[in-house]
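Subject: Structure handover

Hello,

Here is the structure we talked about handing over. Please open it next to this message. My notes follow below.

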Amino acid sequence: MSLLVVGLSHRTAPVRVLEQVTVPAGDAGKFLAELMTSSNVAEAMLLATCNRVEAYAVVETFHGGMAEVIGALARHAGADVAALADHLYVHYAGAAVEHAFAVAAGLDSMVVGEAQILGQLRAAYAFAAEAGAAGRTLHELAQKALRAGKRVHAETGIDAAGGSVVVEALSDAAAVLGDLAGRRAVLVGAGSMGALAAAHLRRAGVAALTVVNRSVPAARRLASATIAGGVPATPAGLADLAAVLADAELVVSCTGSVGVVIEEATVRLARAGVRHPLVICDLGLPHDVAVEAGELPGVTVIDLATLQQRLSGLPGGSDVARAREIVGAEVAAFLAAQRAAAVTPTVTALRQLAAEVVAAELLRLESRLPALDVTVRDELARTVRRVVDKLLHTPTVRIKELAAGPAGQAYADALRELFDLDPAVPAALVEPSAPVEPSAPVEPSAAAQPHGGDQP
């Protein structure tokens, strides 16, 4: 079994394709259930944000697993596999681990170094575990990837500017409106992304904030938190959207809804007789705001496609280089531990074989010398076991050390062959020990090969 990652991100696909492929939260369970019925998939996890859609799977074979995962993505997107091929990336085995750790560190995000991906990865694993789709391999991957991400944020200044898609969108809004301090703002969406946006709007010094949400109680809770932070805030339902937009100068929308939330007609109605400019930051995937709304007089729409174009290819600095070093070290340690753990069943089988041989010989001794004094018999038994333990100690310790290297599996294979050991893995070594902490099927190509930020 090996780890496989198949996905699309802001690096390989335009926002319109990401919108098509994204799996709504309500369908994530169905997606995982479909993967788990596949003949090649033993474990599965889905990481879906506004910048990426990735399926992590523990598979029996590379090509079979890849075909099943890509097929599932295509079916949920209502697209042909061929239509997605140019946008997919595929990572396998060690390269899949490296990709997961880089994602957790924010190195693969649209805004390099953003920290929201850590919570998103943690939530993705927790959901997969609760659905019964994550086993020991994904448990260990998620745990160690989160550790790598935390190290990067703790030991580098990669996120010193507090970068996120929200920050970048508000920066673009300020370029249109000028200073955001004193502006009247509307926030559409009261989920985790909405809470993040509310915090940034508060720091920007907006004069007042109206929180609009399908669930008014949720809007009320976020509005109360905003008031506690020193900014006047009012909750509202979606039915009041046109009314609250009439006075707004800045709108941030991040609902995670499947369909359009802010229609062109709603914005046009709100703008009737209004002369001041309006900037709408659409951070939803799929998009929350009708495309036509950006064509209305005085209205500017900043969406994920706009940010993707502006942020692509921004150079990294020394903090990014240091972050990559940390990720590289964590990946190396993880793979070494995995290789060492893989040899454990072989060592266990060798020791079990030795114990069986000792037991058989002691039984033979007892049958040949039935009158042997009990004290002597016990001392002989202890002596034989000590001799066997000492003979096995150095080889078993050494093979665990060698197994941590790139060619470690060869040593385990040689040991099994020499001693005719059963290669079966004990069931206890397969089950997760604890919950994680609080690129036709498409043939590998330049964009999808087994070589080797996000916000909601």
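**Cysteines**

Cys281 is buried, with a relative accessible area of 0%. Please keep in mind throughout that this is a predicted model. The closest cysteine sulfur to that of Cys281 belongs to Cys254, 9.9 Å away, which is too far for a bond. Cys50 is buried as well, at a relative accessible area of 2%. Its closest cysteine sulfur is again in Cys254, at 9.7 Å, too far for a bond. A disulfide would need the two sulfurs within 2.5 Å. The structure holds zero disulfides.

**Leu285 and its surroundings**

Cys50 also turns up in the contacts of Leu285. Where is Leu285 found? Leu285 is in the loop between β9 (278–282) and β10 (299–303). Leu285 counts as buried because its relative accessibility is 10%, and the cut-off for buried is under 20%. Leaving out residues up to four places away in sequence, Leu285 touches Val15, Leu18, Glu19, Thr22, Thr49, Cys50 and Leu304. Ser257 is 28 residues away from Leu285 along the chain. The C-alpha atoms of the two are separated by 7.7 Å.

**Helix α8 and its two partners**

Two packed helices are described by the angle between their axes and the distance between the axes. Take α8 (residues 165–177) and α9 (residues 192–204) to begin with. They pack at an angle of about 45°, with axes 10 Å apart. That makes α8 oblique to α9. The contact is made by Val166, Val167 and Leu170 on the α8 side. From α9 come Met193, Leu196, Ala197, His200 and Leu201. The crossing of α8 past α9 is right-handed.

Next, α8 and α13 (residues 304–311). Their axes come within 11 Å and cross at roughly 90°. So α8 is roughly perpendicular to α13. Here α8 contributes Val165, Glu168, Ala169 and Asp172. α13 contributes Leu304, Leu307, Arg310 and Leu311. Leu304 is also one of the residues that Leu285 touches.

**Helix α9**

How does the span of α9 agree with 1.5 Å a residue? The 13 residues of α9 should span 18 Å, and the end C-alpha atoms are 19 Å apart, which agrees. The buried residues of α9 are Met193, Gly194, Leu196, Ala197, Ala198, Ala199, His200 and Leu201. Among them are Met193, Leu196, Ala197, His200 and Leu201, which make the contact with α8. What do the buried residues of α9 pack against? The helices are α6 (116–130), α8 and α10 (216–228). The strands are β5 (184–188), β6 (208–213) and β8 (250–253). Just after α9, Gly205 takes a positive phi of about 85°.

Ala93 is found in the loop between β4 (89–92) and α5 (94–104). Is Ala93 buried, exposed or partly exposed? Ala93 is partly exposed, with a relative accessible area of 31%.

On to the helix after that loop. The axes of α5 and α7 come within 8 Å and cross at roughly 45°. The two helices are therefore oblique to each other. Their crossing is right-handed. Val97, Ala100, Phe101 and Ala104 in α5 meet Leu141, Lys144, Ala145, Ala148 and Gly149 in α7.

Helix α7 (residues 136–155) has 20 residues. Its first and last C-alpha atoms are 28 Å apart, close to the 28 Å expected at 1.5 Å a residue. The buried residues of α7 are Leu138, His139, Glu140, Leu141, Ala142, Ala145, Leu146, Ala148, Gly149, Val152 and His153. Those include Leu141, Ala145, Ala148 and Gly149, which meet α5. An α-helix has 3.6 residues a turn, so residues three or four places apart point the same way.

**Gln352**

One last residue to look at. Gln352 is found in helix α14 (residues 318–368). Gln352 is partly exposed, with a relative accessible area of 45%. Leu421 is 69 residues from Gln352 in sequence. The C-alpha atoms of Gln352 and Leu421 are 9.7 Å apart in space.

Best wishes

Technical notes
Residues numbered from 1 in each chain as written. Predicted model: local features only at pLDDT ≥ 70, side-chain atom pairs only at ≥ 80, totals over all residues. Heavy atoms only, no water. Helix = DSSP H or I, 4+ residues; strand = E, 2+ residues; numbered from the N terminus. Expected span 1.5 Å × (residues − 1). Buried < 20%, exposed > 50% of the residue type's maximum accessible area, 1.4 Å probe, protein only. Contact = heavy atoms within 4.5 Å. Axes fitted to C-alpha atoms, helices over the stretch in contact; angles between N-to-C directions. Parallel < 35°, antiparallel > 145°, perpendicular 65-115°, else oblique. Left-handed = near helix turned anticlockwise from the far one by under 90°.
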